[in-house]
Amino acid sequence: MLKIADKEFSSRLFTGTGKFSSSQLMEDALVASASELVTVALRRVDVTSQEDDILLHLKHPKINLLPNTSGVRNAKEAVFAAQLAREALETNWIKLEIHPDPKYLMPDPIETLRATEELAKLGFVILPYIHADPVLCKRLENAGASAVMPLGSPIGSNKGLKTLDFLEIIIEQSKIPVIVDAGIGSPSHAAQAMEIGADAVLVNTAIAVAGDPVQMAIAFKLAVEAGRMAYHARLAKQGNFAVASSPLTAFLDDEF
Amino acid sequence: MMSFKDLFESYSWDQVKESIYSKTKTDVENALNTSKRTLEDFKALISPVAAGYLEPMAQLSQKLTQKRFGKTIQLYIPLYLSNECTNICTYCGFSLDNKVRRKTLTEEEILREVAVIKSLGYEHVLLVTGEANQTVHVEYFKKVLQLIRPYFAQVSMEVQPLDTEEYTELIPLGLTSVLIYQETYHKEDYKKHHPKGKKANFNYRLETPDRLGQAGIHKMGLGVLIGLEDWRTDSFFTALHLNYLEKTYWQTRYSLSFPRLRPFSGGLEPKVEMNDRELVQLICAYRLFNEEVEISLSTRESEKFRNHCVQLGITSISAGSKTNPGGYAVEPESLEQFEISDERSPKVIAEMIKSKGYEPVWKDWDRVMQC
């Protein structure tokens with residue numbers, strides 16, 4: 001079972017709450033996905049209100065909220081936002097998103113590391129969203145992150161695991177869970193991430209914008225389970241060693 | 001320091017116009033079939049010949065918009081603070097030479113307006129004024145921002161252009177975004193339409209987005225007033241401006257708007273008409289050119305047109321707007337800047353958005369994001 005900080009998860013599919021055509025559809029899709037960790041942008045919810053539509057639709061015994069700091073541009077703003085989230089949503093979990101580039105939403109490695117150091121001192125469970133940078137992942141691990149969330153490709157792009165080689169290094173080296181976040185556009189991408197040994201994936205756009213988000217959520221759930229099973233079953237090695245018709249080493253068997 | 005002016009001056013209006021009008025079907029098809037579109041592709045997409053490709057453009061625009069923004073439409077509302085103005089603008093109801101009663105809201109009046117706006121459910125307000133630097137100056141804006149910040153998640157501004165230092169002072173008080181429309185990039189025509197007042201200075205206006213970028217604004221809006229000049233050429237220069245700004249001030253978000261000239265008392269007839277098909281073509285062309293830019297549509301447009309545009313590429317919409325200072329509570333009967341066309345209430349607009357399969361988004365920013 002996947003364990004992050006002190007929490008255990010039976011589902012390795014984490015989800016997001018943006019881009020859905022209604023809060024009801026979001027709820028239906030997230031419930032169908034069986035996801036137990038759901039990220040929600042602080043900027044989208046009114047944490048001071050008991051009647052916030054998004055938050056009301058996330059009140060489920062199995063759903064844990066993972067507030068995110070999307071919108072902040074530096075460590076200082078991120079720490080401030082995290083503190084507000086902790087107070088208002090009564091969770092010390094935070095998905096740290098610092099993207100000063102609003103066009104491609106590329107995470108800032110320097111500010112993310114700074115914020116992680118700061119938030120660790122304040123007792124947060126920190127899940128930073130970052131580029132697929134193996135060194136940065138180790139630095140974040142040392143700084144007190146509880147998991148790392150490297151991207152597969154640009155957020156919202158649905159392009160799959162463009163960073164595959166780096167994700168494999170990160171997974172090999174990491175002592176904390178690795179969650180592939182961003183760019184997963186289809187269940188086959190999610191399965192691939194799980195096959196290479198990712199501990200979990202986070203999917204939002206691909207479910208929210210699908211023709212039928214509920215069916216797509218189920219498809220992702222199954223793909224994540226299948227990918228994890230394949231990882232445990234160990235994939236057969238790729239490539240075959242065909243016997244050449246004129247072997248280069250056959251002469252060694254010749255009688256001299 | 002390099003500004004957009006240098007780049008702008010390396011282009012000739014007439015050459016750009018000729019280039020747009022000579023685009024061929026092959027140019028349009030190439031623009032449709034590529035994934036990263038250039039300014040030349042954009043020219044093809046806004047050219048007359050692209051009109052024959054409106055449906056595939058719309059299909060693609062919808063797909064790209066949903067990928068980035070999901071099935072959501074943001075809602076905002078203007079709050080007119082003042083109609084005092086020292087500029088003469090040939091197309092504007094607040095022009096100095098227009099005989100209307102001038103009014104600038106007091107703090108007490110602003111709060112009365114805010115109460116009505118809040119009761120409609122809004123979290124994003126757009127502050128609008130004319131240009132009257134004696135009374136509606138940066139100190140006034142500071143007071144207003146401090147006064148209303150507790151009530152809104154997001155505050156935008158559409159006022160006279162300011163200096164970099166002035167923007168730098170306003171941003172920490174909760175100013176998230178600034179809209180600054182060039183009106184037209186045709187320099188000679190600009191002078192004809194702005195004969196008097198500070199706004200007559202074309203270059204100062206042209207360099208305003210640079211000043212905003214240098215001040216570190218979170219978001220800025222660009223656009224031209226459609227009807228003053230050839231809309232295709234003006235839109236090319238808007239795209240050129242956007243491209244330049246995105247590369248230079250990469251930490252800022254951008255939005256576009258394309259108000260079509262609306263009638264007002266004693267006003268100017270549009271020199272160039274743009275029909276609904278052409279406006280749809282422009283919306284789709286912008287989306288195909290830039291997948292990330294926000295596109296907004298105001299109540300200047302008709303009910304039917306707005307209903308359909310929700311699914312075409314726009315990302316934000318206003319509703320229930322009043323374009324006169326005091327229009328919500330203080331002086332509902334005073335003269336408006338322009339006639340609005342879609343008079344439906346925010347509630348009805350939100351229902352319309354839902355009926356199209358989209359989620360109306362009232363809040364997409366938080367005071368906490370800016371500290």
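Of the 256 residues of chain A, 48% count as buried, where a residue is buried if 20 or more other C-beta atoms lie within 10 Å of its own, exposed if 12 or fewer, and partly exposed in between, with C-beta atoms placed from the backbone. The model is predicted: local features need pLDDT of at least 70 and side-chain atom pairs count only at pLDDT 80 or more, whereas totals for chains, interfaces and linings use all residues. Residues are numbered from 1 along each chain as its sequence is written, and chains are lettered from A and ligands numbered from 1 in the order in which they are written.

Chain A has nine helices and ten strands; helices (H or I, at least four residues) and strands (E, at least two) are DSSP runs, numbered from the N terminus. Along the principal axes, the C-alpha atoms of chain A fill a box of roughly 90 × 40 × 35 Å. Among contacts in chain A between residues at least 6 apart in sequence, 62% join residues at least 24 apart, a contact being a pair of residues whose C-beta atoms, placed from the backbone, lie within 7 Å.

Helix α7 (residues 187-195) of chain A is mostly covered, with seven of its nine residues buried. These buried residues are A:P187, A:H189, A:A190, A:A191, A:Q192, A:A193 and A:M194. The buried residues of α7(A) pack against β9 (179-181), β10 (200-203) and α9 (213-233) of chain A. After α7(A) comes A:G197, whose phi is positive, near 110°.

Why does A:A143 count as partly exposed? A:A143 has 19 C-beta neighbours inside 10 Å and therefore counts as partly exposed. When residues up to four places away in sequence are not counted, A:A143 touches A:L113, A:T116, A:E117 and A:A120. A:R114 is 29 residues from A:A143 in sequence, and the C-alpha atoms of the two are 8.8 Å apart in space.

Chain B has 15 helices and nine strands. The radius of gyration of chain B is 20 Å, close to the 21 Å that the globule rule gives for 371 residues, so chain B is as compact as a globular protein of that length; the radius is taken over C-alpha atoms, and the globule rule is 2.2 Å times the number of residues to the power 0.38. The C-alpha atoms of chain B fill a box of roughly 60 × 45 × 40 Å along the principal axes. Of the 371 residues of chain B, 51% count as buried. Residues 24 or more positions apart account for 79% of the contacts in chain B with a separation of 6 or more.

A run of paired strands can be followed through chain B, two strands being paired if DSSP finds at least two bridges between them. Strand β4 (residues 175-179) of chain B is joined to β5(B) by three bridges, and the two run parallel; the bridge partner of B:V178 in β5(B) is B:M220. Four of the five residues of strand β5 (residues 219-223) of chain B are buried, so β5(B) is largely enclosed by the rest of the structure. Five bridges join β5(B) to β6(B), again in the parallel sense, and B:L222 stands opposite B:L256 in β6(B). The chain passes from β5(B) through helix α12 (residues 231-248) of chain B to β6(B) in a right-handed β-α-β crossover; right-handed here means that, with the strands pointing away from the viewer, the path from the first strand over the helix to the second runs clockwise.

Strand β6 (residues 253-257) of chain B is in turn joined to β7(B) by three bridges, and these strands run parallel. B:S255 stands opposite B:E294 in β7(B). From strand β7 (residues 294-297) of chain B, B:E294 and B:S296 point one way and B:I295 and B:L297 the other way, and all are buried. Two bridges pair β7(B) with strand β8 (residues 316-318) of chain B in the parallel sense, and the bridge partner of B:S296 in β8(B) is B:S316. The β-α-β crossover from β7(B) to β8(B) goes through helix α14 (residues 303-309) of chain B and is right-handed.

The largest nonpolar core has 167 residues, and those with the most contacts inside it are A:I179, A:V201, B:L45 and B:V125. A nonpolar core is a set of buried Ala, Val, Leu, Ile, Met, Phe, Trp, Tyr and Cys residues joined through C-beta atoms within 7 Å. The largest share of this core, eight residues, comes from helix α13 (residues 276-289) of chain B.

Between the chains, 25 residues of chain A are in contact with 23 residues of chain B. On the side of chain A that touches chain B, the elements that give two or more residues are α3 (75-89) and α8 (205-208) of chain A, and α3(A) gives the most, with four residues.

Key:
Contact = placed C-beta atoms within 7 Å.
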